[in-house]
Amino acid sequence: MIGKLKGLVDSYGDDHVILDVQGVGYLVHCSARTLQALPSAGEAATLFIETFVREDMIRLYGFVSQAEKSWFLLLQNVQGVGSKVALSVLSTLSPSELANAVALGDRAMVARANGVGPKVAARIVAELKDKAPGFADVDPAVAGLAASLDEKRAPAPVADAVSALVNLGYAQIQASAAVAAALREGGEEADTAKLIRLGLKELAR
């Protein structure tokens with residue numbers, strides 16, 4: 001079984017790269033994010049490989065990091081998620097962004113991927129939340145705030161501040177992180193206006 005390939009980039013397709021390894025061209029399917037990270041044709045590249053073997057085909061999937069490969073496999077544990085959808089998610093979100101989205105229950109972030117509807121995004125978040133804690137690098141305060149918002153038990157100023165930042169175009173994850181930081185700086189008694197102001201200051205860093 002192939003676990004890693006190191007060779008020269010021969011050519012690119014819409015969803016794959018052909019990697020020349022000592023004269024043998026391997027066709028490796030990749031996420032758009034991985035393809036963008038690879039060098040130009042003729043240059044050296046290394047990909048971590050997952051090999052799918054079926055009766056009628058052998059297909060190679062390649063990743064620039066072990067974290068991306070791990071998420072590719074984890075995603076396919078979710079009902080309704082196959083290799084195509086998993087690559088679509090990884091084309092839209094980096095492993096760290098996906099980890100944060102899962103940890104914070106941000107279904108909308110996951111649903112940004114092509115082919116991922118609200119129901120599939122909800123399943124991804126729900127089913128992977130306990131399976132992927134090692135991948136997440138999330139501030140516990142942010143995770144706690146996200147949970148309280150999701151359960152509609154966050155104080156009104158906090159919920160209003162997050163909502164205001166989201167309305168300004170920030171993602172739910174960014175808004176939650178900014179307001180969590182604002183709470184630390186402004187204290188639990190801070191009103192909505194102060195939390196928004198401090199949150200914007202945090203986002204501007």
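I began with Thr34, which touches Leu47, Gly62, Phe63, Val64 and Glu68, residues up to four places away in sequence not being counted; contact means heavy atoms within 4.5 Å. I noted that this is a predicted model, where local features need pLDDT of at least 70, side-chain atom pairs count only at pLDDT 80 or more, and totals for chains, interfaces and linings use all residues. Residues are numbered from 1 along each chain as its sequence is written, and side-chain values use heavy atoms, with hydrogens and water left out.

I placed Thr34 in helix α1 (residues 32–37). Helices (H or I, at least four residues) and strands (E, at least two) are DSSP runs, numbered from the N terminus.

Is Thr34 buried or exposed? I found it buried, because its relative accessibility is 1%. Buried means under 20% relative accessible area, exposed over 50%, with partly exposed in between (1.4 Å probe, protein chains only).

I then looked up the polar contact between the side chains of Thr34 and Glu68, at 2.7 Å. Such a contact is a pair of N or O atoms within 3.5 Å; within protein, one must be able to donate a hydrogen and the other to accept it, and residues adjacent in sequence count only if both atoms are side-chain atoms.

Next I checked the whole protein. I listed ten helices and five strands. Of its 205 residues, 40% count as buried.

Last, I looked at Ile124. Leaving aside neighbours within four places in sequence, I found Ile124 in contact with Leu75, Val78, Val81, Val89 and Val110.
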